[in-house]
Amino acid sequence: MKTLSLLAIRSSLAISALFAASSAMADMSILVQSTTSTKNSGLYDYLLPMIKSDTGITVNVVAVGTGAAIKNAMNCDGDVLLVHSRQREDKFVADGYARQRYDIMYNDFVIIGPAADPAGIAGSKNIASAMAKIATSKSIFASRGDDSGTHGKEKSLWKVANIDQTAGSGDWYRETGSGMGATLNAAVGMGAYSLSDRASWSAHGNKGDFKIMVEGDDQLFNPYGAMLVSAEKCPTVKSKEGQAFIDWLISKKGQSAIAAFRVNGKQLFFPNAD
Amino acid sequence: MPIYSESFTAAFHLLASSDNDLMEILALSINVSLASLALSCLIGLPLGAILAIRQFPMRDFLVGVFNAMMGLPPVVVGLLVYLHLSRSGPFGWLGLLYTPEAMVIAQMILITPIIVALSCQVLEDLHEDYKDFFDSLVVPRRTALLAYIIDARYSLLTVILAGFGRAVSEVGAVIIVGGNIDHLTRVMTTAIALETSKGELALALALGFILLAISLAVNFLVQWLKASAKRRAYV
Amino acid sequence: MSKQTVAKHSRVMPIKVQNITLTLNDRTLIDDLSCTITSGGISIIMGPNGAGKSLFMRCLHGLAIPDNGAILYADEPLSPAIRKLQSLVFQTPTILRRTVLANLLFVARQRGIDDPEISREYLRQLRLDHLLHHPARLLSGGEKQRLALARALITKPAILFLDEATSNLDPASIETIETNLQKVSKQGTKIILVTHDIGQAKRLADDVLFLHHGKLAEHSAAGSFFENPKSAAAKAYLAGKLVL
């Protein structure tokens, strides 16, 4: 009996505490739909406390694939969308879900791979030929396979290299359907090549003996854009706070903070707001 | 494998230093699990008791349904709750998505069938034992229900433990409806998922060990209670 | 007998059993049984194993429903109100998973008796007062039945049924129980008891209902039953022979 009453008391306290906590949170907070690549790099952990102390806004970040982030924003389950998929961002604005798109920062993609380098692409500066070599040698490649910004870029690169990678799906071409971190774990575990944004790879803890194989090609450019969800489409959007968040990111302070962010001594994001 | 010693050390240090982030995540894990467990028991225990005692045409079918629902995949439940709580969904106006409350709701849906099905089993056995006596005494139904729950308290504790185990180890539902937001909806399991995706395997394993320790501690406590109950033939 | 007891009695006695039959799986377990049980004294139901004694008692208490016939209590059929004026002590008592005192308090509260001192007094009468806070299910067989009797008595029933309640008990427990039964009978409670212990029957009975193959073979005053049983089955039974 005592156990039951203890449980009852504990849980009613817990439930009331939960409700108190989240109603307090609700006041000056926004929800940002963003991507796993951005989150895993640790950029948000670095920026958000600064934003909080400068603006008083608590920024809550939900990190999913770009496709999911965009859909969530369209469902009004977010105030700001911050992703890296230019074509789809432009469509988001064109369809009226945001008034405009803001440049925030960019970095680049890299091909990572095992030290053994079965496709012989280490040090290559030509992404198209590297991808072709991977395909023809049927070296294992781990793809995001999840409709993300990274996945979108990867698909466009196969096209440029004139390869139909889907023909090898399940064979040398392995679609994990997962976020960046999980895909990197899978790549390292399988000894597979993969396309990753530089930030995620730098911050990833489980690198095994992997190295960056291909980098520097112009086609590996990876720009990030932020959009405030339109109040016309989504009346519950916190427009004021959301805009304040974006304004901070493109401000001088925000942009230099982004530039100052380092992992293992390396700069991962390059500010490019106008 | 060196990762074991790395993780044990990490776990020990995290606990010894009462790492703030860890304490916050632990507290939320326990709060969410206990809250959903409490609500599930509130609904599930009387429901299990009624199913155990009353004879009505749909009874066997309902018991079967709850038994089957014990196998609900968490990620499916998470998805369904998400769709309903999304701003574009029927209950979006509540603004519950990406909050601990949403996690409690999702876990409640997962745990209640466990409480109903298992408590029904326990109370059915007790009913067999007590029914002639209660019949003879003309005990009103509500009094009988309460008496069953009280007398089966130790067996029901095991049922509640099963519910707790499901809640505290669940990740598929809470990560979808909660969003694993730092300082808001991050619990032990979603933190482990995050650290794993960041490749921080030793830290993830360390968190896993801590979660395991909690689970084991709760289990041992219940086993000890049951043993002392057995000694007094209360079980 | 107090006015209260008389009042209670008049609502449940006499018991008129009218041609009841009970069949289960094509076997006739109670066969066209009729009798009248009047207030006063201790009535004993006896018979060989399988005669239907326990089943008959369950019918009298309403735990089993005959297929045909009727049982009337002061010319009324069984109702919850009438059942509440009866108590039954089972052969294996249902002991709640609580202390001895808690077991009795549960029953006491069912009948609106809230004073725990009353419960303690009943336990004293049945020599259980040193076991108040003992887990009840750890009691010996004899102690359990004494607890069951305390539970039955605290409801102050007009009719007290006992179904083989003292089988396999130690003699001291049997003595305590029988003493309490006789006391309670003198205070006006009607006692109806099923037993296969002929000695006990001889000690307690005022009248005997002898069952055989689900039929009432004989219903006579105790004295004449034991001295001069009328039916062949009863004769054989009392002589210690196997009655088929």
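My request concerns helix α2 (residues 20-53) of chain B: what should its 34 residues span at 1.5 Å a residue, and how far apart are its end C-alpha atoms?

Modeller: The model is a predicted one, and every value below is computed from it. At 1.5 Å a residue, the 34 residues of α2(B) should span 50 Å, and the end C-alpha atoms lie 48 Å apart, which agrees with that expectation. The helix does bend, by about 30° at C41(B).

The C-alpha trace of chain B spans about 65 × 50 × 25 Å along its principal axes. Chain B has 235 residues, of which 49% count as buried. Among its contacts between residues at least 6 apart in sequence, 78% join residues at least 24 apart.

Of the 274 residues of chain A, 47% count as buried. Residues 24 or more positions apart account for 76% of the chain A contacts with a separation of 6 or more.

As to how the chains meet, two pairs of chains touch, and the most contacts are between chains A and B. Chains A and C are joined by no contact, and their closest C-alpha atoms lie 11 Å apart. The contact between chains B and C takes 13 residues from chain B and 15 residues from chain C. On the side of chain B that touches chain C, helix α5 (residues 100-137) of chain B gives the most, with seven residues. By class, that side of chain B has seven nonpolar, one polar and five charged residues.

The interior may be taken next. In soluble globular proteins, nonpolar side chains tend to be buried together. The largest nonpolar core here has 114 residues, and those with the most contacts inside it are V80(A), L81(A), V229(A), A102(B), A106(B) and V177(B). The element that gives the most to this core is α5(B), with 18 residues. Leaving out residues up to four places away in sequence, A106(B) touches V77(B), G78(B), V81(B), A173(B), V174(B) and V177(B). Apart from this core lies another, of 71 residues, including I95(C), L126(C), I192(C) and Y237(C).

In chain C, I95(C) is also one of the residues in contact with N103(C), a residue placed in helix α4 (residues 100-110) of that chain. Beyond its neighbours within four places in sequence, N103(C) is in contact with I95(C), L96(C), R98(C), A136(C), L147(C) and R151(C). The C-alpha atoms of N103(C) and A150(C) are separated by 9.8 Å, although the two residues are 47 apart along the chain. Helix α6 (residues 141-154) of chain C has 14 residues and reaches 20 Å from first to last C-alpha, close to the 20 Å expected at 1.5 Å a residue. Of its 14 residues, 13 are buried, so α6(C) is largely enclosed by the rest of the structure. Just after α6(C), K156(C) takes a positive phi of about 45°.

An α-helix has 3.6 residues a turn, so residues three or four places apart point the same way.

Finally, G56(A) is found in the loop between α3 and β2 (58-64) of chain A. G56(A) is exposed, because 12 other C-beta atoms lie within 10 Å, and 12 or fewer make a residue exposed. G56(A) and P114(A) are 58 residues apart in sequence and 45 Å apart in space, C-alpha to C-alpha.

Definitions and conventions: Residues numbered from 1 in each chain as written. Chains lettered and ligands numbered in written order. Predicted model: local features only at pLDDT ≥ 70, side-chain atom pairs only at ≥ 80, totals over all residues. Contact = placed C-beta atoms within 7 Å. Helix = DSSP H or I, 4+ residues; strand = E, 2+ residues; numbered from the N terminus. Nonpolar A, V, L, I, M, F, W, Y, C, P; charged D, E, K, R; others polar. Buried ≥ 20, exposed ≤ 12 C-beta atoms within 10 Å, placed from the backbone. Core = buried A, V, L, I, M, F, W, Y, C linked by C-beta atoms within 7 Å. Expected span 1.5 Å × (residues − 1). Bend = angle between axes of the 7 residues up to and from the residue.
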